[in-house]
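Let's take a friendly walk through a protein and the molecule it holds. Keep the picture beside you as you read, and look for each residue as its name comes up.

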Amino acid sequence: MESKTAALPHAGGAAANADAAAPSAPRTEQRAGPFQARTPGGEEPLDEIAETAPGAVRELVARARVAQVAWAEVPVGERAELIAKVKKRLLARAEEIAALVHRECGKPIEEAALAEVLPNADLVDYWTSSIEELLDESPVDLDPIAYPGKTGRIRRDPRGVVALITPWNYPVAIPLRTLVPALLAGNAVVFKPSEVAPRSGALVASLFEGLLPDGVLSVAQGGGDVGAALVDAGVDLVVFTGGVATGKKIAVACAERLVPTSLELGGKDSAVVLGDCDLERAARGVVWGAFTNAGQSCASIERVYVEQAIADRFITRAVALTRELRPGVDVGAMTTARQAAIVRRHLEAAVDDGAEILAGGAPPEGSLAFPPTVLRAPREDTPLLQEETFGPVLPIVVVKDAEEAIARTNASRFALTTSLWTRSHERAHALARRLRAGVVTINNHGFTGALPAAPWTGAGDSGSGVTSSPHALAELTRPRFVLDDRSRAKRELWWYPYTPALRTTAFAMARVRGGAGLFGRVRALVELVAALSRRLLGR
Ligand code: NDP
């Protein structure tokens with residue numbers, strides 16, 4: 001494989017030169033570990049990673065294509081036995097994984113262990129124990145009178161070579177959510193991690209080392225140009241998680257090549273806090289949902305709509321809880337200077353538009369230690385309420401009632417997840433049906449991305465791809481219908497020659513099956529029997 005030694009970013013001092021206005025430019029910024037004081041050694045460079053030359057990606061895909069054919073021949077039970085070993089490796093390397101993600105992305109160790117390690121063990125369990133049943137052939141009911149001697153079955157075949165392109169915010173969990181079922185289904189995967197988290201990407205691949213035939217899983221390291229080369233390299237499916245702008249580019253590239261694609265994009269999730277909620281739970285849940293992973297989650301709470309009746313009490317409690325958060329312990333540093341600059345821009349615009357900062361506020365220019373920030377926002381036509389912020393900022397909007405909260409939630413171009421906070425579960429279920437969101441949580445937020453059996457999906461600018469659950473497997477495979485005809489007849493009713501008897505048969509059938517009233521149907525039945533007998537005699 002052609003490769004060059006990376007000019008990939010190293011951990012280091014925070015850079016102040018991010019250009020938020022050029023989100024697709026290759027990143028060369030440096031990043032810091034979370035709050036350097038708490039990260040001994042966080043300033044020293046990490047090991048170098050070999051970058052894959054865009055020109056070498058096609059070769060990786062060609063190798064994957066050959067390997068996939070043999071891999072798909074391995075019985076699914078054997079594939080499951082091999083991949084089940086990943087669980088033990090994950091758990092045995094829990095501390096190493098958490099430490100690496102902490103250093104590379106700035107996540108607190110606890111978050112890294114809870115979000116990037118433990119749910120992945122469940123994920124491996126779920127898929128390896130259910131894959132045989134999920135891939136099992138299923139019969140299709142065929143009417144024995146209309147289709148004598150015929151049986152039909154649906155198989156689920158692998159797509160072939162899957163391109164997996166992932167972001168930096170959950171650099172272990174997000175790739176594994178697709179890798180495990182894709183490989184179990186018999187696909188080969190070429191995986192392009194984010195250039196911001198290349199070591200986590202390499203670590204993910206190393207969990208499969210020695211388990212898979214050569215070429216079944218390979219890693220293409222590098223930036224957007226490597227991702228674009230992968231999309232162009234003749235793959236059979238692109239599974240992408242990332243930002244809307246990149247998602248659109250990939251959608252266009254895939255459309256031009258007629259390659260199916262699964263896109264999981266951004267979010268602007270709301271929490272709808274109703275007057276009858278358990279206020280303490282709602283405030284704690286919203287504060288966690290907004291600030292976990294320093295707000296760098298597609299499902300972060302980026303808007304709160306709180307009913308007027310409890311607004312003051314809720315805001316007071318949310319602000320108090322936010323002030324209790326310890327920088328670097330509860331809330332990590334942001335991962336990139338580019339993202340921190342976007343958050344700063346949204347925050348400043350919101351303040352210009354009349355928002356009042358109640359806790360936190362922007363850090364000194366260039367710092368990644370963005371304090372968790374709460375605002376009361378009087379208006380919604382500001383980027384902080386419209387665009388994905390992807391940082392630790394929580395705008396709270398006071399609304400008259402639930403109706404207004406639902407209308408405002410649904411007005412967004414994003415539609416990933418929404419949470420409803422109320423003691424009335426019946427009302428919550430009724431409201432949930434009216435929400436435009438792929439996931440609705442009642443009295444909780446966001447964590448269901450960790451449930452392997454629960455679909456994670458969105459609409460609008462959040463994309464329509466599905467991760468987890470049998471619905472995701474449907475994207476990673478394609479149905480193949482196999483019809484077996486054991487009829488001894490020499491020809492079918494609908495084969496040549498086309499004759500008047502066939503025409504009469506066809507129209508009589510239409511009348512018998514509902515195209516006429518009662519008497520018309522009886523008359524058609526008589527015609528049908530006569531025409532069928534003529535047809536069976538070859539006329
Ligand atoms: P980006 O869209 O910038 O990048 C995502 C991946 O695409 C990276 O590996 C990137 O490479 C690669 N890439 C960039 N340009 C191209 C291209 N032209 N063709 C192919 N690949 C390309 O997203 P971020 O990494 O900044 O991640 C943050 C985004 O991800 C947020 O919007 C967030 O909401 C979303 N996200 C969505 C989730 C969901 O489930 N819906 C879950 C998690 C995150 P490189 O990084 O090297 O430039």
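In this predicted model, a polar side-chain atom of Trp-168 sits 3.0 Å from an oxygen atom of the ligand. Lys-192 also points a side-chain N or O atom at a ligand oxygen, at 2.7 Å. Gly-242 takes part through its backbone instead: one of its polar backbone atoms is 3.4 Å from an oxygen atom of the ligand. How much of the ligand does the protein bury? Taken alone, the ligand exposes 900 Å², and the protein buries 92% of that.

| Residue | Part of the residue | Distance to a ligand oxygen |
|---|---|---|
| Trp-168 | polar side-chain atom | 3.0 Å |
| Lys-192 | side-chain N or O atom | 2.7 Å |
| Gly-242 | polar backbone atom | 3.4 Å |

Now widen the view to the whole shell. The ligand is surrounded by 32 residues, and the closest are Thr-166, Lys-192, Thr-246, Leu-265 and Glu-388. What kinds of residues make up this shell? There are 13 nonpolar, 12 polar and 7 charged ones. Several elements of the fold contribute: helices α6 (173-184), α8 (224-231) and α9 (244-257), together with strand β8 (237-241), each supply at least two shell residues.

Next, find strand β14, which spans residues 393-399. Is this strand mostly enclosed or mostly open? Because 6 of its 7 residues are buried, β14 is largely enclosed by the rest of the structure. Two strands pair with β14. One is β11 (residues 301-307), which runs parallel to β14 and is joined to it by 4 bridges; here Val-306 has Val-398 of β14 as its bridge partner. The other is β13 (residues 373-376), also parallel to β14 and paired with it over 4 bridges.

Finally, a word about cysteines. A disulfide is a covalent bond that links the sulfur atoms of two cysteines. How many disulfides does the structure hold? The count is 0. Cys-105 is buried, with a relative accessible area of 4%. Cys-298 counts as buried too, at 16% relative accessibility, because the cut-off for buried is under 20%.

Technical notes: Residues are numbered from 1 along each chain as its sequence is written. This is a predicted model: local features need pLDDT of at least 70, side-chain atom pairs count only at pLDDT 80 or more; totals for chains, interfaces and linings use all residues. Side-chain values use heavy atoms; hydrogens and water are left out. A residue is near a molecule or strand if one of its heavy atoms lies within 4 Å of it. A polar contact is a pair of N or O atoms within 3.5 Å; within protein, one must be able to donate a hydrogen and the other to accept it, and residues adjacent in sequence count only if both atoms are side-chain atoms. Accessible areas come from the Shrake-Rupley method with a 1.4 Å probe; for residues, only the protein chains shown count as cover. Ala, Val, Leu, Ile, Met, Phe, Trp, Tyr, Cys and Pro count as nonpolar, Asp, Glu, Lys and Arg as charged, and the others, Gly among them, as polar. A disulfide is a pair of cysteine sulfur atoms within 2.5 Å. Buried means under 20% relative accessible area, exposed over 50%, partly exposed in between (1.4 Å probe, protein chains only). Two strands pair if DSSP finds at least two bridges between them.
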